[in-house]
Amino acid sequence: MTDNAAPKRLFVKTWGCQMNVYDSARMADVLAPLGYAPTQTPEDADMVILNTCHIREKASEKLFSELGRLRAAKEATGGRMVLAVAGCVAQAEGAEITARAPYVDIVLGPQSYHRLPEMVARATRAAGQVIETDFPAEDKFDHLPEVSAPQGPIAFLTIQEGCDKFCSFCVVPYTRGSEYSRPAAAVIAEAGRLVAQGAREIALLGQNVNAYHGEGPDGASWGLGRLLREIAGIEGLARLRYTTSHPRDMDDDLIAAHGEIPALMPFLHLPVQSGSDRVLKAMNRGHTASDFLRIVERLRGVRPDLALSSDFIAGHPGETEDDHQATLHLIERVGFAQAFSFKYSPRPGTPAAGAPLQVTEAEKDRRLQEIQELLRQQQHAFNRSRLGLRFDVLFTGPGRHPGQAAGRSPWLQPVHAATGTQSPAALAGQVLACEVVSAHPNSLAVRILDGKRSGDPPEQEKAAA
Ligand code: 5AD
Ligand code: SF4
């Protein structure tokens, strides 16, 4: 073993979206050949990576307070610990990080992860900070090693990055750069490897995943619908999802795919942000509330059991009480299975941050609470509507209590079941027909239907009724 590959411990802390979770795993993959293996605490680590998120407020405060704690841990190692800041805060505030925290060794943006080994070498060879926040011309995916085995039966696969939509409030186009789609062949090959390694469900990821337009093996540009059809054909794959989408990119073929691909789960996260056309215009969303309702109607037309999730922002600059009521109205019309909602927070450098008519904190708080209360009621009602239904559950491993297995419903609800004489761990990766015995605000309790092993009929036994 060369000195380079001597065993070392790597601790990665991740904030933010699934994309960051995926990126953290890829950073660990890229460092494995240098001898880095994961550890659970930063104190005993030879290298610490903080993978940051810049989407909402307090991102940099959180980062600097974490760095303050790590500084002591680094000093305790005689300064040998390599400290890296990655992700979108690194991309947006690289210079401030190096100035305020000179003990940070590496600052790298999301497009530079494939360069980590070289950066670690530079940081450990010479004293001084190494910073990489360009958007390099080469494709990082071409330079990353093959994915390591998925952690459980659910695997994530990034197929698209970046965004060209420039919503008024959002930092993503600045931190992740412009839209880029990986070639379909590379994605399909990676999906095949994940399934061969035990994945039963794959979630395709992208900031604007349904804007996917990768080059197909035939040289033509493939949309997401076509890619989903191809991946759904991989033997052994039971379930397919994709996130996060934009209403503008729900094209005809993608909507049709929801009706045609049984493995494509009947659940879609489709952020709408507001129910007011005035606010949607100010947000530069490029669609109206009725465009969104029409998409939902078409999706439910082809897949009647489809459930929806969304994102909402309370108090975008210029939002009036009427606009807020329009958002509540849209929520009532659609009926969401779950959703995320946020108080508008000005992100430096975005158009909305400098806009007039900022809404007061107190007003944003009240509007957010009203949105969240309605969404909470809808989520509970949706869970209750599953009571007595039978459908497939993908089990992921042991539940919180002994003798209990945890899994996911087709609608992404957390599910738990008593396993009787079977070990809960042994159920991981199995798709079993179950019946809902009780519904809770955030989860379902199910009974495994004996002798019924599923994967054959689609999950819609009664749910579509
Ligand atoms: N303020 C509040 N919420 C935001 N989001 C993005 N930027 C902001 C912001 N400046 C929310 C949007 C987006 C989700 C990922 O985060 O709802 O869909
Ligand atoms: Fe941000 Fe809008 Fe792009 Fe989504 S579509 S990443 S909210 S700019």
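Select Thr244 to begin: this residue sits in the loop between β13 (239–243) and α9 (252–260), where helices (H or I, at least four residues) and strands (E, at least two) are DSSP runs numbered from the N terminus. The model is a predicted one, in which local features need pLDDT of at least 70 and side-chain atom pairs count only at pLDDT 80 or more, while totals for chains, interfaces and linings use all residues. Residues are numbered from 1 along each chain as its sequence is written, chains are lettered from A and ligands numbered from 1 in the order in which they are written, and side-chain values use heavy atoms, with hydrogens and water left out.

Next, two backbone angles.

Select Gln273, in the loop between β14 (267–269) and α10 (277–282), and read its phi, which is positive at about 75 degrees although the residue is not a glycine. Gln273 counts as buried at 7% relative accessibility, the classes being buried under 20% relative accessible area, exposed over 50% and partly exposed in between, with a 1.4 Å probe and protein chains only. Then move to Leu357, in the loop between β17 and α13, another residue other than glycine with a positive phi, here near 60 degrees. Leu357 is exposed, with a relative accessible area of 66%.

Now turn to the aromatic side chains.

Rings of Phe, Tyr and Trp (its six-membered ring) pair if their centres lie within 6.5 Å, and planes under 30 degrees apart count as stacked, over 60 as edge-to-face and the rest as tilted. By this rule there are four aromatic pairs. Select Phe312 and Phe336, whose ring centres are 5.5 Å apart and whose planes stand at 80 degrees, so that the pair is edge-to-face. This pair links distant parts of the chain, with Phe312 in strand β16 (residues 311–314) and Phe336 in the loop between α12 (321–334) and β17 (340–343), 24 residues apart. Phe312 is buried, with a relative accessible area of 0%, and Phe336 counts as buried at 2%.

Select Phe382 and Trp411 next, with ring centres 6.3 Å apart and planes at 75 degrees, so this pair is edge-to-face. Phe382 lies in helix α13 (residues 361–385) and Trp411 in the loop between β19 (404–408) and β20 (414–418), so the pair ties together parts that are 29 residues apart in sequence. Phe382 is buried with a relative accessible area of 13%, and Trp411 counts as buried at 1%.

Finally, select the whole chain and zoom out.

The secondary structure comes to 13 helices and 22 strands. The radius of gyration is 23 Å, close to the 23 Å that the globule rule gives for 465 residues, so the chain is as compact as a globular protein of that length; the radius is taken over C-alpha atoms, and the rule is 2.2 Å times the number of residues to the power 0.38. Along the principal axes, the C-alpha atoms fill a box of roughly 65 × 60 × 50 Å. Colour by burial, and buried residues make up 54% of the 465 residues. With contact meaning heavy atoms within 4.5 Å, 73% of the contacts between residues at least 6 apart in sequence join residues at least 24 apart.
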